[in-house]
Amino acid sequence: MVTRTQRHVVGAHYGLRDWIAQRITAVVMILYTLVALFALAWQGGFDHAGWKALWAHGAFRLATFLFAIALLWHAWVGVRNITMDYIKPVGVRLVVQGAVICALVFYTGWTIQVLWGVRA
Amino acid sequence: MPPTRPVDPPRRPVYLNLPAIRMPIPSIVSILHRVSGALLFLLGIPWALAALDASLASPAAFASYAAVAGHPVAKLIAIGLVWAYVHHLLAGVRHLALDLHAGLELAAARRTSAAVFVLAILITLAVAVRIW
């Protein structure tokens with residue numbers, strides 16, 4: 001066991017919030033993975049009609065949307081950790097993190113478009 | 001009072017010759033958790049969205065997607081992403097167990113990390129055999 005030294009904890013606990021978010025989103029994604037695997041197995045053969053029928057279920061689309069939000073949040077925490085570990089110049093790190101946020105927002109919009117078929 | 005840094009932290013030698021650092025199995029599984037996570041962000045999310053988009057659009061788009069996905073290079077990438085997903089998920093489950101103080105002892109930590117490493121490869125192989 002690790003013995004903790006007495007120390008004064010400071011800060012706004014952003015780290016704790018990220019840590020918790022990473023675990024809650026992980027559990028959501030694990031559950032969705034199991035549900036999706038069962039749904040696919042239930043579906044049987046893999047053709048376009050069966051595939052469309054699976055995605056026609058509103059509940060499955062909502063579950064997938066929940067998964068997507070959990071995934072994008074989880075990805076943000078993880079990628080941010082990676083940038084904090086490996087990209088030391090603050091300017092470069094901010095640019096990369098900005099690009100990551102743009103990509104994640106873009107993916108969120110794309111997910112909604114695909115799931116609910118909003119096409120121009 | 002604003003938080004201050006500790007006064008003059010002791011200077012310690014920095015030894016980061018990566019190839020020379022011995023990597024025990026938990027540390028290999030740990031770095032692969034990060035590598036697989038980065039892969040899933042960089043390739044996995046756009047690939048999954050593009051695939052879902054194309055596959056739902058129309059029978060013709062489904063067929064053309066199936067043709068692209070049938071290319072050996074596409075299959076190799078897909079198998080790589082399957083490995084990334086499975087490894088990341090299993091290593092994540094191990095993390096959750098560690099958070100609950102399960103498997104913290106060194107021997108158990110080594111066993112579970114070896115199990116994650118091997119199981120991820122076995123499941124990936126099973127999927128690879130199926131989609132090839």
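Colleague: In which element of chain B is confidence lowest, and in which is it highest?

Modeller: Keep in mind that this is a predicted model. Chain B averages a pLDDT of 89, and 95% of the residues score at least 70. By element, the mean is lowest, at 84, in α2(B), and the highest value, 96, belongs to α3(B).

Colleague: How many residues of chain B are in contact with chain A, and how much area is buried between the two?

Modeller: On the chain A side, 31 residues take part, facing 23 residues of chain B. Carbon and sulfur atoms give 73% of the area buried between the chains. That area comes to about 2400 Å².

Colleague: Which three residues supply more than any other three of the area that chain B buries against chain A?

Modeller: Together they supply 27% of what chain B buries there. The names to look for are Arg34(B), Phe41(B) and Leu56(B).

Colleague: How many residue pairs are in polar contact between the chains, and which helix gives the most to the side of chain B that touches chain A?

Modeller: With both residues at pLDDT 80 or more, the count is eight residue pairs in polar contact. On chain B, α1 (25-57), α2 (59-69) and α3 (72-99) each supply at least two residues of the side that touches chain A. That side divides into 17 nonpolar, three polar and three charged residues. The most, 13 residues, comes from α1(B).

Colleague: What does Arg23(A) meet in a salt bridge?

Modeller: Start with where it sits: Arg23(A) is in helix α1 of chain A, residues 14-43. Leaving out residues up to four places away in sequence, Arg23(A) touches Leu96(B) and Asp99(B). In one of them, at 2.4 Å from N to O, the side chain of Arg23(A) meets that of Asp99(B).

Colleague: And inside chain A, how far apart in space are Arg23(A) and His74(A)?

Modeller: In sequence, 51 residues separate Arg23(A) from His74(A). C-alpha to C-alpha, the distance in space is 8.5 Å.

Colleague: What share of the contacts in chain A with a separation of 6 or more comes from residues 24 or more positions apart?

Modeller: For background, chain A has four helices and zero strands, running α-α-α-α from the N terminus on. Of its 120 residues, 32% count as buried. As for the contacts with a separation of 6 or more, the share from residues 24 or more positions apart is 66%.

Definitions and conventions: Residues numbered from 1 in each chain as written. Chains lettered and ligands numbered in written order. Heavy atoms only, no water. Contact = heavy atoms within 4.5 Å. Buried area = accessible area lost by both parts, 1.4 Å probe. Salt bridge = Lys/Arg side-chain N within 4 Å of Asp/Glu carboxyl O. Polar contact = N/O pair within 3.5 Å; in protein donor to acceptor, adjacent residues only side chain to side chain. Nonpolar A, V, L, I, M, F, W, Y, C, P; charged D, E, K, R; others polar. pLDDT = per-residue confidence, 0-100. Buried < 20%, exposed > 50% of the residue type's maximum accessible area, 1.4 Å probe, protein only.
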